[in-house]
Amino acid sequence: MDVMPKWAEVILVPLISLLLAALLSALVILAIGEDPIAAVTLMVKGALGSTYGWGYTLYYATNFIFTGLAVAVAFHARLFNIGGEGQAMLGGLGVAIAALYIPWPHWTLALIGCGVMAGLLGAIWAAIPGWLQAKRGSHVVITTIMFNFIAAALLNYVLVNVMRPPGSMDPASARFPEAVHLPTLHELLAPLGIAFSKSAPANISLLVAAAACIVVWLLIWRTRLGYEIRAYGHSQPAAKYAGISPVRITMVTMIISGALAGLMAINNVMGESERLVLNATEGAGFIGIAVALMGRSHPVGVFFAALLFGFLYQGGAELALWTSIPRELIVVIQALVILFTGALDNMVRMPLERLFLMFRRPAPPANSADSEPKPGPRSGQSEGAE
Amino acid sequence: MDYITLIQLLDSTVRLATPLLLACLAGLFSERAGVFDIGLEGKMLAAAFFSAALASITGSVWIGLAAGIASSLALSAVHGLASITFRGNQLISGVAINFLAAGMTVLIAQDWFAQGGRTPSLFGGARFEPITLPFADAMANVPIIGPLYEELISGHSILVYAAFLAVPLTWWILFRTRFGLRLRAVGENPAAVDTAGVSVVGLRYAAVAIAGLLCGVAGAYLSTALQAGFVKDMSAGRGFIALAALIFAKWRPWYALWATLLFGLFGALETRPDVIQSVIGIKVQGQILSALPYLMTVVILAGFVGKAIPPRAGGEPYVKER
């Protein structure tokens with residue numbers, strides 16, 4: 001099993017995958033007749049060169065932290081939740097209901113209330129596929145895909161027929177009241193004497209997202225439930241044998257995952273648009289897949305992968321503005337990242353493992369190959385570990 | 001609702017069901033061989049773009065079709081490489097292929113044509129024209145059968161007839177040939193096939209290639225027959241509806257025909273809300289109709305209306321030695 005040291009597994013494999021994806025992306029840019037280096041320079045300047053750029057980068061990153069964590073938590077139980085998009089849509093519906101129909105006295109209370117509603121609706125939207133998987137054996141991937149489409153249709157229906165203010169042609173809800181306005185980074189940093197762009201949408205949800213990373217880390221590696229989730233993900237029969245209920249773990253994991261995806265709505269719906277619009281999620285639910293894969297399902301990894309994708313998103317928007325490269329370049333990069341870090345993982349890992357084996361062979365002479373004559377305590381142990 | 005309206009409705013049902021049927025059969029081959037394919041959508045989209053692009057450049061729809069199939073096959077090769085050779089996660093590979101197609105088509109379209117991610121409109125020989133079957137005009141005035149023959153059966157493009165012929169062909173290949181038997185076996189118990197001395201990898205690649213071919217035709221139909229040119233994201237979730245139809249059909253060719261026709265009917269009804277209102281007397285929201293295929297699939301998946309049992313080795317890469 002452990003052919004490679006841990007650092008190679010955690011850092012080297014994803015890094016090489018990422019480099020491959022970057023290389024191919026550069027080739028794509030070359031192929032459409034643009035200069036990749038100039039493109040990267042422009043992206044860096046546009047996304048990180050000003051507090052305005054940073055504000056957008058961090059805003060997108062906040063979305064991706066939530067959806068990335070959602071996918072990552074499910075991955076730990078070996079469940080693949082593709083439904084982040086639909087769950088985030090329902091989260092937006094929850095925020096809109098809470099913000100429009102409850103008179104909040106202050107934004108702090110509104111943030112808690114809207115966050116609970118967002119998480120609740122997201123969790124419900126994930127719990128149904130979870131229940132179908134646990135009780136009826138329907139594959140969670142297929143049902144969550146179906147639920148994305150059902151969520152889109154539901155949202156369309158609600159916005160057109162229920163929430164649209166009278167007289168408005170736009171399929172969108174009314175504006176949220178002033179009391180639920182979340183402080184932006186500009187308003188948060190101004191008292192500290194730091195000047196931050198006024199028009200950038202990054203807001204206090206960023207801190208909630210960072211806190212969510214810590215909570216997820218505690219949950220997965222420091223609680224009994226997290227242990228059970230990981231055990232179930234490693235080996236379902238073994239977990240079952242140890243008295244862990246598959247139904248319970250599947251349900252609980254999907255509920256946590258859906259709640260995290262739903263929580264994204266406090267950033268994009270409550271923090272940015274301040275009303276519910278069609279397609280508010282803008283594909284962030286799917287980017288969560290790339291983020292979780294790149295972050296190796298670890299909250300720290302997810303955090304940095306989300307920052308990277310936030311940078312790519314904002315940088316891509318700048319590219320589309322100033323060059324002839326369309327925004328879809330980011331979709332291509334996203335696809336390549338998913339392909340190399342997720343699906344073609346073994347393409348990188350297999351040669352690397354061979355490489356490590358080659359350099360390792362001379363070190364322990366009496367290892368697995370000729371372990372028959374009097375195995376030493378060391379080799380015996382290593383065999384037991386495998 | 002009068003007779004002519006019914007015929008028109010069924011006519012557009014057939015048009016809308018064709019790409020679903022082709023993609024559904026593509027998924028059928030792939031999943032019967034044990035390779036899950038949620039990249040149907042992306043392969044269709046890529047094929048739609050390349051067939052429209054090449055048809056527009058060369059003026060020949062057949063070259064377009066070939067280019068569409070080639071692009072879909074290329075994506076199939078990526079899927080095969082990831083899920084068969086490198087034993088990666090088939091679902092993640094499918095997700096990646098969908099995004100790759102969604103991004104690349106717009107990127108290349110912008111580079112080649114600079115029209116905001118679309119191809120120029122196709123006309124003349126760059127499109128699949130409707131075929132008028134023999135005696136269609138002569139029979140048009142015959143009551144009942146005349147309109148049926150002239151409107152519904154005649155007057156489709158050749159790809160529609162090809163799609164419907166693909167159903168018995170698929171059935172024959174899967175259930176009456178040695179290749180089909182092996183293909184189904186490799187989706188149920190690859191170890192047994194391997195023990196019999198037949199290549200699991202070869203069979204799975206063959207199945208994935210057939211899926212690529214069918215998705216290529218489906219995509220070409222979208223942009224060169226159903227519509228005249230490529231627009232961004234024109235597959236519009238059809239690959240996922242095809243996936244739903246595949247489950248609805250319980251991985252069987254003839255059921256796939258009925259399932260896709262049913263989902264095609266929903267699509268046709270979505271554009272004719274007046275027809276629904278006149279038949280059942282209630283106004284049905286378009287959003288409910290667009291969600292119906294997905295809702296029905298979830299109900300079927302849940303096993304409340306008959307059980308859908310997927311091929312047993314589906315989604316699992318085959319490892320020769322443990």
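A salt bridge is defined here as a side-chain nitrogen of Lys or Arg within 4 Å of a carboxyl oxygen of Asp or Glu. The structure is a predicted model, in which local features need pLDDT of at least 70 and side-chain atom pairs count only at pLDDT 80 or more, whereas totals for chains, interfaces and linings use all residues. Residues are numbered from 1 along each chain as its sequence is written, chains are lettered from A and ligands numbered from 1 in the order in which they are written, and side-chain values use heavy atoms, with hydrogens and water left out.

Between chain A and chain B the count is one salt bridge. Glu328(A) and Lys232(B) form it through their side chains, at 2.9 Å from N to O. The most is given by α6(A), with 13 residues. By residue class, this side of chain A comprises 33 nonpolar, nine polar and two charged residues.

In total, 44 residues of chain A are in contact (heavy atoms within 4.5 Å) with 42 residues of chain B. The two chains bury about 3600 Å² between them, 81% of it on carbon and sulfur atoms; buried area is the accessible area (1.4 Å probe) lost when two parts are put together, summed over both.

One residue of chain B illustrates the contact between the chains. Ala291(B) lies in helix α14 (residues 286-301) of chain B and touches Ile150(A) and Ala153(A), leaving aside residues up to four places away in sequence. With a relative accessibility of 5%, Ala291(B) counts as buried, because buried means under 20% relative accessible area (1.4 Å probe, protein chains only).

The discussion now turns to the nonpolar cores, each a set of buried Ala, Val, Leu, Ile, Met, Phe, Trp, Tyr and Cys residues joined through side-chain atoms within 4.5 Å. The largest has 215 residues, and Phe64(A), Phe80(A), Val95(A), Met270(A) and Phe309(A) touch the most other members. Its largest share, 14 residues, comes from helix α3 (residues 51-76) of chain A. Among the residues that Phe309(A) touches are Phe64(A), Ile287(A) and Gln334(A). A second, separate core of six residues includes Met4(A), Val348(A), Leu352(A) and Phe356(A).

Note on methods: Helices (H or I, at least four residues) and strands (E, at least two) are DSSP runs, numbered from the N terminus. Ala, Val, Leu, Ile, Met, Phe, Trp, Tyr, Cys and Pro count as nonpolar, Asp, Glu, Lys and Arg as charged, and the others, Gly among them, as polar. Buried means under 20% relative accessible area, exposed over 50%, partly exposed in between (1.4 Å probe, protein chains only).
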